[in-house]
Amino acid sequence: MRVVIQRVKRAKVTVTDDPSGEPVVTGEIGAGLCVLIGITHTDGPAQIEKISRKIAQLKLLRSPQGSDDPSERVGVEEVNAPVLIVSQFTLYADVRKGKKPGWSHAAPAEVAEPIFHELVQAVRDRGIQVETGRFGAMMDVEIVNDGPFTIIAEA
């Protein structure tokens with residue numbers, strides 16, 4: 001599992017290919033974390049546990065007083081901050097050869113979708129407010145990165 005974790009002032013995801021024909025906002029948060037998730041073939045319960053713990057506990061957010069001093073940063077669990085989680089298979093693009101990305105390292109939808117939903121539930125089970133995009137949909141993701149502060153992690 002590969003994740004890009006961004007500290008955000010706000011973030012929103014809009015599904016642009018909704019069956020209604022109209023764009024639909026499926027998730028929106030204020031200050032918190034926006035997490036882009038890529039899932040590979042070997043991901044399972046161990047990766048879900050590790051990444052859900054990282055999302056909840058990494059000390060990435062400003063202190064309640066607004067300080068960005070590394071010694072004062074807090075985790076999502078500590079301040080009950082929201083998280084927006086968006087599936088993004090393109091995190092497993094292979095661009096080592098040629099001009100076109102390869103997707104062989106990304107798990108197919110029938111494998112990745114249940115893992116994505118299990119990860120979302122694992123974060124919610126920690127008492128964290130989680131908003132999401134829609135798995136497999138075309139989405140506009142609006143992110144106002146705070147810092148900018150972006151972490152890449154793998155499990």
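I began with the lining of the largest pocket: strand E3 (32-38), strand E4 (83-87), helix H3 (109-124) and strand E6 (139-154) each supply at least two residues. Helices (H or I, at least four residues) and strands (E, at least two) are DSSP runs numbered from the N terminus. The model is predicted, with pLDDT of at least 70 needed for local features and 80 or more for side-chain atom pairs, while totals for chains, interfaces and linings use all residues. Residues count from 1 along each chain as its sequence is written, and side-chain values use heavy atoms, without hydrogens and water.

I noted that E3 gives the largest share of that lining, three residues. I then looked up the volume of the largest pocket, about 390 Å³. Of its 19 lining residues, Ser87, Gln88, Phe89, Ala137 and Met139 are the closest to the centre. I sorted the lining by type: 14 nonpolar, five polar and no charged.

Next I turned to Arg2. I found Arg2 in strand E1 (residues 2-15). Arg2 counts as partly exposed because its relative accessibility is 23%; the class lies between buried (under 20% relative accessible area) and exposed (over 50%), with a 1.4 Å probe and protein chains only. Beyond neighbours within four places in sequence, I listed its contacts (heavy atoms within 4.5 Å): Leu36, Ile37, Gly38, Leu91, Tyr92, Ala153 and Glu154. A polar atom of the Arg2 side chain lies 2.8 Å from the backbone oxygen of Leu91. Last, I checked Arg2 against Thr14: they are twelve residues apart in sequence and 22 Å apart in space, C-alpha to C-alpha.

Definitions and conventions: Polar contact = N/O pair within 3.5 Å; in protein donor to acceptor, adjacent residues only side chain to side chain. 1 Å grid on protein atoms, 1.4 Å probe; cavity = no way out; pocket = protein on both sides within 12 Å on 5 of 7 lines; lining within 4 Å. Points joined across faces, edges and corners; volume = space filled by probe spheres on them. Nonpolar A, V, L, I, M, F, W, Y, C, P; charged D, E, K, R; others polar.
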